[in-house]
Amino acid sequence: MTGAGITTVELQSLPLLASGKVRELYKINDSSLLMAVTDRISAYDEILSNGVPDKGHILCQMSSHWFDVLRERVPELKHHVLSMRPPAAPEVITAEERTLLRGRCMQIRSLKVFPIEAIVRGYITGSAWSEYSKSGTVHGIPMPEGLQLCQEFPGGPIYTVSFPEPQLASSNKSANRLKQPSTKAPAGEKDENISPAHARKIIGDRYADQIEALALKVYKAAHAYALERGIVIADTKMEFGLDVATDEIILVDEVLTPDCSRFWPAPVQVGKDQPSYDKQYIRDYLTANGLKGKPGVVLPDNVVAETTSKYREVFQKLTGKTIDQALSGVDN
């Protein structure tokens, strides 16, 4: 039997603020939070019953790697990470909790988070292809005629947005509305593709402009880096927060992982679906077996094992080390 992974991280030493699809968010103090990354996996906005072993470690350590890469390639970008180590034990958490968290947590700044997900798409696939096939648009944006599946967008990557569906009805309440610190849509909520124009109404033009510019810079820098290592980043989601004291936009949550990005081997074979190093493998399994969007699905052992293998492989291709090597040096 394949292990189920760690599907919950329960701490008694810190108050729980939120539980997302993958992460648990705890309060350390008034200025910092602890993000614990589980092995849970979601697809089509449903959390699957069993987790994917190593996933939490991979998401956390890959994000750490990308934050280091982006520090050099997008120097004006700021992120929320204070430390990749667990809090001190026994001063803040217990020794047992620290062992559980090792390699799968981030100590982060407490920030207000914009209630949108910035999505940069370099290639037309997924929901973007579905919409384009029906209407010739992507997130309501008109696209050139004659694009093929998995083709690179002719004018370069495009900026699009998604938004947690339950909040759509009240999105006109405030142009500068922010949500409390959190990690993606809370469990049970679904994300909705919206137009960048709609996003502007939610967060205001000034912040929308800054987020769009930063998201595109992050994608372009990451795409070039990954391509040097034989990987194509087809698209990726990002979240941003606001440092209210300085009015600065901050990159938050995970970044450029197999959970929030599509990774393909280079070169792209235009006109057909690509093999991938992300959770598309799970989406394909669910769709093929009539399980798309259904709650309580238990993944077969072979699907779990193959997903772990894909996550491990892309981690090594992008970072130059295995996840076990990364974890052995996490305390440094």
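Here is a short chat about reading the cores and cysteines of a predicted model.

Trainee: What should I know before I start?

Mentor: Residues are numbered from 1 along each chain as its sequence is written. The model is predicted, so local features need pLDDT of at least 70 and side-chain atom pairs pLDDT 80 or more, while totals for chains, interfaces and linings use all residues, and side-chain values use heavy atoms, without hydrogens and water.

Trainee: Which residues touch the most other members of the largest nonpolar core?

Mentor: In soluble globular proteins, nonpolar side chains tend to be buried together. A nonpolar core is a set of buried Ala, Val, Leu, Ile, Met, Phe, Trp, Tyr and Cys residues joined through side-chain atoms within 4.5 Å; buried means under 20% relative accessible area, exposed over 50%, partly exposed in between, with a 1.4 Å probe and protein chains only. Here, Trp66 and Phe240 touch the most other members of a 78-residue core. Another core, of nine residues, lies apart from that one, and Leu14, Tyr26, Leu101 and Cys105 are among its members.

Trainee: How many disulfides does the structure hold?

Mentor: A disulfide is a covalent bond between the sulfur atoms of two cysteines; the cut-off is a pair of cysteine sulfur atoms within 2.5 Å. This structure has zero. Take Cys105: the nearest cysteine sulfur, in Cys60, is 6.1 Å away. Cys105 counts as buried, at 0% relative accessibility.
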